[in-house]
Amino acid sequence: MIENGLTAAQHKMRDAGVAEQAITVFTHYYQSLEAGATGLIPEETIEPLTDIDSIDDVELDPEAAREALARTVIIKLNGGLGTSMGLDRAKTLLPVRDGKTFLDLIVEQIVAARRRYEVSLPLILMNSFRTREDSLAALARHPEIEVDDLPLDFLQNRAPKLRADDLTPVSWEADPSLEWCPPGHGDIYTALVASGVLEALLERGYRYAMTANADNLGAAPSARIAGWFAASGAPYAPELCRRTPADVKGGHLAVRKSDGRIILRDTAQTPADQMHYFTDQFRHPFFHTNNLWFDLRVLRDTLIERDGILGLPLIKNSKTVDPADSASTPVIQLETAMGAAVEAFEGATAVEVPRSRFLPVKTTNDLLLVRSDAYEVDEDGLLQMVPERACTVNLDPRYYKRIGDFEARFPFGAPSLRRAESFTVEGDWTFGADVVATGDAHVAETGSPGEVTSGTRL
């Protein structure tokens, strides 16, 4: 007897020890895919979201804010390997400033907030099976971070990649680990329950969660936002920033015409012929930072009511089984976005926050900027931008995209960028010490490897 694709996938997940809650959720999305769901959200089905609170305008009692933070847990998404930069371990183990990694700075931010507000403020990572061991070893160097006998992490679930031709689980003997994929960061809600962490937090009196990508060093603990969220009575609220012409890729919130619910739309959910609407900063004036606040009790009750399925919109991600080999078997990855949960909760809202709360490091361009003197780290572990506007960095991807190549070409660290408006490097250049960039600095290609000598002003 030949198993159908869903049954085969369910068996594969059970054999691998995947939690039953995750298998139930995977089944829901597999059936949606079979039924023809595309996950697309056409422009004509939504209205732009243009009117939200700004955290800068909120009046808040400082003690109420402190009390809200005292009932908050910080959850960081730490499942990414930084493969786009050529890494094979957690991106958060990369040094960012003065030898300190993302995780080191996150710990500093947590400890500083605990000291300032006299709160326990647990830190918990959502790891993947690829990032767990190294990340926990790094946290072991910070024993002060543990609190209330809570675990320091829980594991993101995994799902089988499906062959694009018949929706059966793909086999890849060259590297069986590539047969699996994370089911998107929307899995956080399922993983919180399946791991027992949600119940452990509720038992210890925690009510609110603030969660963000671990590579976003701007997403530090905020008593002010915690106080706003608690006072709002909302079950769920993302942080939004006002868009600029540079923010054409980030997802945005909108209002669904059919029921008036706030929803999240990402690039992959936008019809190709409507991308001009998606990228219009005036039509959709805010972008989604992936910094989220949610009520732990409401999450538990909603998951119980819905048999463990929040019903987040499907993201159908077409890939190849080996991301590095475009000729390998075409596959479909079933994913959901964490921020899409905004539509699952009646009364969900959103808040505008300063741009300083969105400082992700996705590329070596971003890494060079945060390593440079355009930023300083304050006593709370926060990166503070020195100039009024950050420099735009564009490094030639042929020579600087992968972290090993990048590090080799900046052996003395980043050039000074605090007085530069842009910094563009074309070609293969190695930089000496004390290089200073000002204005629109540009290093042009010469056709052969070159050196920018120490002390050069660009």
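My entries on domains, interface and rings follow.

**Ground rules.** I am working on a predicted model, where local features need pLDDT of at least 70, side-chain atom pairs count only at pLDDT 80 or more, and totals for chains, interfaces and linings use all residues. Residues are numbered from 1 along each chain as its sequence is written, and side-chain values use heavy atoms, with hydrogens and water left out.

**Domains.** I looked up the division first. The chain splits into domain 1 (5–357) and domain 2 (364–452); the bounds come from an automatic or database domain assignment. Over C-alpha atoms, the centres of domain 1 and domain 2 are 30 Å apart.

**Interface.** I find 16 residues of domain 1 in contact with 16 residues of domain 2 (heavy atoms within 4.5 Å). Between the two domains, about 1400 Å² is buried, and carbon and sulfur atoms give 55% of that. Buried area here is the accessible area (1.4 Å probe) that two parts lose on being put together, summed over both. Met-85, Val-96 and Arg-97 supply 38% of what domain 1 buries against domain 2, more than any other three residues.

**Polar links.** I count eight residue pairs in polar contact between domain 1 and domain 2, both residues at pLDDT 80 or more. A polar contact is a pair of N or O atoms within 3.5 Å; within protein, one must be able to donate a hydrogen and the other to accept it, and residues adjacent in sequence count only if both atoms are side-chain atoms.

**Rings.** Which residues form one aromatic cluster? I list Tyr-400, Phe-406, Phe-410, Phe-423 and Phe-431. Rings of Phe, Tyr and Trp (its six-membered ring) pair if their centres lie within 6.5 Å; planes under 30 degrees apart are stacked, over 60 edge-to-face, the rest tilted. By this rule I get eleven aromatic pairs. Trp-228 and Phe-229 have ring centres 6.4 Å apart and planes at 40 degrees, so I log the pair as tilted.

**Charges over rings.** The charged end of Lys-12 sits over the ring of Trp-180, 5.4 Å from its centre (NZ of Lys or CZ of Arg within 6 Å of the ring centre and within 35 degrees of the ring normal). I also note Arg-243, with its charged end over the ring of Phe-278, 5.9 Å from the centre.
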